[in-house]
Amino acid sequence: MPFTDELDGCGNITETTLPAVHLAQQHLRKQPAPLCNYELEFHFANSQCDNAIGLKAFFDAICHGPKYLMIFGGVCPSVTSIIAESLRAWNLVQLSFAVTAPAFEDKRRYPNFFRIVPSDNAIHPAVIKLVKHYNWNRVGILAQDGQGVSEVQRDLMKVLLLANIQIAATQNFIDDPSVSLRILKENDVRIIIGLFNESTAAKIFCSAYHLNMFSSRYQWVIPRWNQRNWLVNRGTVNCSSLNLMEAMEGSISVDFEPLSSKETRGISGKTPQEYQKEYDQLRIGKGINSSRFHAFAYDGIWVVTKALARVMEAVRHQEKYSQHHNYTVSDEELSQMITEAMTETTFLGVTGQVRFKNGERMGIVRLTQLQDGSEIQVGEYNTIEDRLDLRKNMRFTGWSPPRDSTMVLHQRGQINIVVYSILSAISILGMLMASSFLFFNMKHRHHRIIKMSSPFINNLIILGGMLSYSFIIIFGLDGAFISDGSFEILCKVHSWILSIGFTLAFGAMFAKTWRVYAIFKNVHLKKKVIKDLRLLVVVGGMLLTDICILTCWHIMDPLTRTVEEYRTKVDGNDVALHTFQERCESAYTTNWLAILLIYKGILMVFCCFLSWETRHVRIPTLNDSQYIGWSVYNVSVMCMVGTVASVLTRELPNVQFCIISLVIIISTSGTLLLVFIPKFKLSQRTERKDQWRSGSISSAEQNNTFGTEDHQDYNELLRRRVVELEQFSSSEEPPLSNAPPRYELQGHGLEAPSAPLATCTVTRLKEKTDQCEINTDVT
């Protein structure tokens, strides 16, 4: 043992433990046989905590005698390691009461080494039990660089992983712990296990104070030191003692129990409290400080005495009953007997139950907590029974133990049921409106006005509108309404419905606008017929392009269900709201969407150009050309607005759904209303005119039966009608030099005549017995 202060600043352990050794010797003399039959004789060797000096002192003792049975002590780990490795060769057994380094647990290197003080690793099962007790599943480690600490850190990480406890972060520091603490905070570490000595404690808790890493949100689990030492000798840290105490308030210290708290009489006949009183009287009388190892030195003397007494009694018994008159025990046999006796030794000492397992002390680990500036014992862990007992005086700064991390509540970013219901209802009404237009278009397909506007092409517009409406209903279905498998199926349906619906509706309008443009720009005034079949080919080409793009997309890069987490909010209760949203995406979704948008964007730009070029065309047989142009502008603007808004509101599912739905509803409904409402009104007006004409002719025929005087009134009525038509014709007649070609509907196409007409005539009343026919030719 060193007779001077140990190098790491723990004081003169030899000096502070000698009173306990002497006290044990006094108590041994009062014990019954066989303990009282022997007296321990100690020879001291000064190692000075130097490997060379310690090894020389050991060799000198072995060479000069007397014959030693055991080595008691070993304070400095480096000196102890050198000697303990050679014990087997010298047939000696060593018992240490102060070396806690984990390296001595390796019994292949140190087979004859025992220690009555628990290893630094002995507290790890207690830490695991504490963490499990409060359901902490995530911890961080703050360790000071050093050989002894590194071994403890490796063992701690090993037992944490075996216990399925996540190590969120591990930070080592040499001198300044502030950077390491900041990293722990950034990783949201709340339960911090510290592995450092008291010389750096002030720096650590000063940094923790400035980083606000204390109070109800954090829990520190640290080694136990002499609290007054590190508070008084806190160095040049930028914190007061009150700041340090505030940062350390509520921290839990885990350390082996230096003195049992139970008032039970042990092997010496003394309670731990009675022993402590006698020890304090001895050391105070000599002016010696206290040591946390003194009780282990006291119990160590009892271990050595019981083991050697047991061996000596066994040797005497063998000598008495041996057949050989000169019975001797070899050094190797004696060493083996002492090792077995040490392993089997068990008794109740002042440090608790004394028992060895593989040379390691199975003792009691004490848990203390700093409460209002004082250390309060709040529990203990029994390594023999693997049991953690916590007292009711454990308290935390908050109402409950801190969480091991910010509580994350996962919330699905779903469409609001009210919003979805309203927009779905509007979409259903739009589908019903489209169905009524389809019924009207089919019923009156032979009507002159409806037939002029290509009813079959109009049906494609209606079908595209109905698909667009149905997209809204399907698009709003997410994981809150359907299963994951159904959602993934709808992922593939989404793109098909919207793309094909747009192509049918917008493609049909594009085809009709192109027909007007082709006829209107017929500068050579040649006869030109564009039938509906050609328009269907144009729409079919667009539809085929969509099918090719979508097929390649779904084969090469299929859409799947993905979950995107895009927003975290933390409230005052240390709870984070983590929102996730289901999306239909693939690896290259952006690229495929870009292809579709570029293709359809070019189509919309070209269609807008055609609509602008034909904006002044007024052709009776193409009564919907102007409304088709307005529809094209409406759809183009809405598509641009919807595309930009859907990208900007990606993280707001309700807003995104509302914008996309309203864009589709406005553009689709506007198109249907612009295309079909004028037809409905015009057909009604035509029917009224036909009824009026039929009624006028019927009245004239009826009057014809009454006499010739009535024919004069009938002729006067017809003359007035002819005058009205002449006035109407003259007011609508454009200049002859700018007269465009004559248009008339032939079959399902439009035809331009080969030469313009030179006159404008409104003629000829032909009387027939069954009808009156008025022909109006306008150039």
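**Stop 1: a three-stranded sheet**

Select β9, β10 and β11. In this predicted model, they form an open sheet of 3 strands. The order is β9-β10-β11, and the pairing is antiparallel. In general, strands of a sheet pair through backbone hydrogen bonds, either parallel or antiparallel.

Which strands are at the edges? Colour β9 (346-349) and β11 (360-361). Each of these pairs on one side only.

Now select β10, residues 352-357. How many bridges link β10 to β11? There are 2, in the antiparallel sense. Show the residues F356 and R361. F356 stands opposite R361, which belongs to β11.

**Stop 2: the helix on the sheet**

**Stop 3: two loops**

Move on to β12 (364-371) and β13 (374-382). Select D372 in the loop between them. Check its phi angle: the value is positive, about 55°, although D372 is not a glycine. Is D372 buried or exposed? D372 has a relative accessible area of 63%. Exposed means over 50%, so D372 counts as exposed.

Next, follow the chain to the loop between β13 and β14 (387-390). Select D386 there. D386 is also a residue other than glycine with a positive phi, near 55°. What is the relative accessible area of D386? The value is 42%. That lies between the cut-offs of 20% and 50%, so D386 counts as partly exposed.

**Stop 4: the cavities**

Now look inside. Rolling a probe the size of a water molecule over the atoms shows where empty space is left. How many cavities of 30 Å³ or more does a search of the whole structure find? The search finds 4.

To find the largest cavity, select S215, Y218, Q219, E249 and T397. Of the 16 residues that line this cavity, these are the closest to its centre.

Then colour β7 (219-222) and α10 (241-248). Each supplies at least two residues of the lining.

Finish by colouring the lining by class. Which classes are present, and how many residues are in each? The lining of the largest cavity has 7 nonpolar, 8 polar and 1 charged residues.

Conventions: Residues are numbered from 1 along each chain as its sequence is written. This is a predicted model: local features need pLDDT of at least 70, side-chain atom pairs count only at pLDDT 80 or more; totals for chains, interfaces and linings use all residues. Side-chain values use heavy atoms; hydrogens and water are left out. On a 1 Å grid over the protein atoms alone, a cavity is a set of points where a 1.4 Å probe fits but cannot get out, and a pocket is an open set with protein on both sides within 12 Å along at least five of seven lines; lining residues have an atom within 4 Å of a point. Grid points are joined across faces, edges and corners, and a volume is the space filled by probe spheres set on the points. Helices (H or I, at least four residues) and strands (E, at least two) are DSSP runs, numbered from the N terminus. Ala, Val, Leu, Ile, Met, Phe, Trp, Tyr, Cys and Pro count as nonpolar, Asp, Glu, Lys and Arg as charged, and the others, Gly among them, as polar. Two strands pair if DSSP finds at least two bridges between them. Buried means under 20% relative accessible area, exposed over 50%, partly exposed in between (1.4 Å probe, protein chains only).
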